[in-house]
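Colleague: I would like to learn how to read a model of this kind, feature by feature. Could we take the general idea each time and then turn to the case at hand?

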Amino acid sequence: MHPPLTLHRHPMCAEIIELFQKCHNDHPYGKFFGECTDLKIKLDKCFSQEKAIKRKANFEESKKLKERLQAYRKETAET
């Protein structure tokens, strides 16, 4: 199962999403028999890469926030 295929939420995978949707539209019955499976695999890999990048960015942001919070607590404890 994949997340909703909205282009604005997945800019990294926009091209693959469009190809996948086109495949589903071009092959309404073939999609049930593996016609679009290769695109689905590419889409899953793209979503995994996108998620890893977002996870890393969120982790870096949380580290910065944690450092700021510790500095604030240290500053308020000294006064």
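Colleague: Let me start with one side chain: does C46 count as buried or exposed, and what is its relative accessibility?

Modeller: A word on the basis: this is a predicted model, in which local features need pLDDT of at least 70 and side-chain atom pairs count only at pLDDT 80 or more, while totals for chains, interfaces and linings use all residues. Residues are numbered from 1 along each chain as its sequence is written, and side-chain values use heavy atoms, with hydrogens and water left out. Buried means under 20% relative accessible area, exposed over 50%, and partly exposed in between, with a 1.4 Å probe and protein chains only. C46 has 6% relative accessibility and therefore counts as buried.

Colleague: Which residues does C46 touch, not counting those up to four places away in sequence?

Modeller: Contact means heavy atoms within 4.5 Å, and on that basis C46 touches M12, C13 and I16. C46 itself has its place in helix α2, where helices are DSSP runs of H or I with at least four residues, strands are runs of E with at least two, and both are numbered from the N terminus. L39, L43, F47 and E50 are also buried in α2, and the buried residues of this helix pack against α1 (14-26).

Colleague: Is R73 buried or exposed?

Modeller: R73, also in helix α2, has a relative accessible area of 55% and is therefore exposed.

Colleague: How many helices and strands does the protein have, and what is its radius of gyration?

Modeller: The protein has two helices and zero strands. Its radius of gyration is 21 Å, well over the 12 Å that the globule rule gives for 79 residues, so the protein is more spread out than a compact globule; the radius is taken over C-alpha atoms, and the rule is 2.2 Å times the number of residues to the power 0.38. Along its principal axes the C-alpha trace spans about 70 × 20 × 15 Å, and buried residues make up 16% of the 79 residues.
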